[in-house]
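Work through the exercises below with the sequence and the structure open. Each task is followed by a solution in steps.

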Amino acid sequence: KKSPPGAFRLLRYFSTASLLALVVVAAVLTLFFAWRAEAALLQQGEQKNAAQVRLILNHLADVERSTVNALLAVTTAPAADDESVRRMLDLAARSVAGTSIVKLKLFNLRGLTVFSTELKQIGEDKADYSGFVKARSGQAASQLSNRETFESVSGTLRQVDVIGSYLPVHDQAGKVIGVVEIYDNVSQLAGAIRETRWQIMGLTAGLLLALYFALLAIVGRADRILREKAQALEHEVAQRSKIAEQLHQALKSTETAQRATERAYASAVAARRDAEAASVAKS
């Protein structure tokens, strides 16, 4: 049935507005899950990186610790074939063997890269980098990123998710003497988060669509009832208008007949008077 002209189209507005709202809700919930999951992964990764660094430093022999301290104390970048760099490279390879750690870098307090498992990075200046600045002040700074290629201790990795953490290096007295940057391969966890995100989005969309169609059926029924009542009201108004018009026409006819009767009565009275006058005159 067609809606009366000017009637509020409840079903049309509800279906459009609610569908748009459900899409927005599904997207927001999915993004919120991704944000919270990645934040949790980043926090866990930072704690893991910090624990790995403490474990490595705590298990260094005196000679190995001297190598680390010597590198952190230099004021100019050592050459890639420097003896201390080679010893540190061997130390890094042994320390991360069997773990998910894929890269190590050392910075002195001036932000100079004094060691990196990717040798070509030695000598880079990170003094103004926010992560280094934060770690130099004694706090950790981490970031989750996806890399198309990544130079790790074991070679080039492709399409890898890593958590890079800038962490302070302390001496035995607890003073910050440098900064270490450590990268952890979290591709498996990050991939699981992405897969779960799409699963949650699909599940949320399915549940919301089921709710949408249920509400659409309810609103559709309400819309039909409202349209039927509107049509009944319109019909009643039309009937009352018709009756009022008929009543108006009847009143007009009655008034016309009454005026005609009054004129006929006046004519009859006048004729009677004339007849009486004529009769008197004849007598």
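Two strands count as paired if DSSP finds at least two bridges between them. Helices (H or I, at least four residues) and strands (E, at least two) are DSSP runs, numbered from the N terminus. The model is predicted, so local features need pLDDT of at least 70 and side-chain atom pairs count only at pLDDT 80 or more, while totals for chains, interfaces and linings use all residues. Residues are numbered from 1 along each chain as its sequence is written, and side-chain values use heavy atoms, with hydrogens and water left out.

**Exercise 1. The hairpin**

Task: Describe how β1 and β2 are joined, and find the residue with positive phi in their hairpin.

Solution. 
Step 1. β1 and β2 run antiparallel and are joined by three bridges.
Step 2. F107 stands opposite T113 of β2.
Step 3. Five residues lie between the strands of this hairpin, and G111 takes a positive phi near 90° there.

**Exercise 2. The sheet**

Task: Give the strand order of the open sheet, name its edge strands, and state which helix packs on the sheet.

Solution. 
Step 1. The open sheet has five strands in the order β2-β1-β5-β4-β3, with antiparallel pairing.
Step 2. β2 and β3 (141-152) are the edge strands, since each pairs on one side only.
Step 3. Direction ignored, neighbouring strands of the sheet are turned against each other by 25° on average. Axes here are lines fitted to C-alpha atoms, for helices over the stretch in contact, and angles run from 0 to 180 degrees between N-to-C directions.
Step 4. β3 and strand β4 (residues 155-170) run antiparallel and are joined by 11 bridges. Within this pair, the bridge partner of E151 is T156 in β4.
Step 5. Helix α5 (residues 187-282) packs on the sheet and touches β4 and β5 (176-185). Contact means heavy atoms within 4.5 Å. The direction of α5 makes about 110° with that of β4.

**Exercise 3. Helix α3**

Task: Compare the span of α3 with the expected one, and decide how its buried residues are arranged around the axis.

Solution. 
Step 1. The expected span of a helix is 1.5 Å times one less than its number of residues. α3 has 14 residues and reaches 20 Å from its first C-alpha to its last, close to the 20 Å expected.
Step 2. S84, V85, M88, L91, A92 and V96 are the buried residues of α3.
Step 3. Seen down the axis of α3, these buried residues fall within an arc of 125°, so they line one face of the helix. The arc is that of the directions from the helix axis to the C-beta atoms.
Step 4. The cover over the buried residues of α3 includes α2, β1 (101-107) and β2 (113-116).
Step 5. Just after α3, G98 takes a positive phi of about 80°.

**Exercise 4. Salt bridges**

Task: How many salt bridges does the structure hold, and which parts does the pair R94 and E64 tie together?

Solution. 
Step 1. A salt bridge is a side-chain nitrogen of Lys or Arg within 4 Å of a carboxyl oxygen of Asp or Glu. The structure holds 10 salt bridges.
Step 2. In the bridge between R94 and E64, the closest N and O atoms are 3.1 Å apart. R94 lies in helix α3 (residues 83-96) and E64 in helix α2 (residues 62-73), so the pair ties together parts 30 residues apart in sequence.
Step 3. R94 is partly exposed, with a relative accessible area of 46%, whereas E64 is buried at 19%.
Step 4. E83 forms a salt bridge with R87, with the closest N and O atoms 3.6 Å apart. These two residues are four apart in helix α3, so about one helical turn separates E83 and R87. E83 is partly exposed, with a relative accessible area of 41%, and R87 also counts as partly exposed, at 38%.
Step 5. K120 and E118 meet in a salt bridge (3.6 Å, N to O). K120 counts as exposed at 69% relative accessibility, while E118 is buried, with a relative accessible area of 13%.
Step 6. Salt bridges that share partners join E64, D90 and R94 into one network.

How values were computed. Buried means under 20% relative accessible area, exposed over 50%, partly exposed in between (1.4 Å probe, protein chains only).
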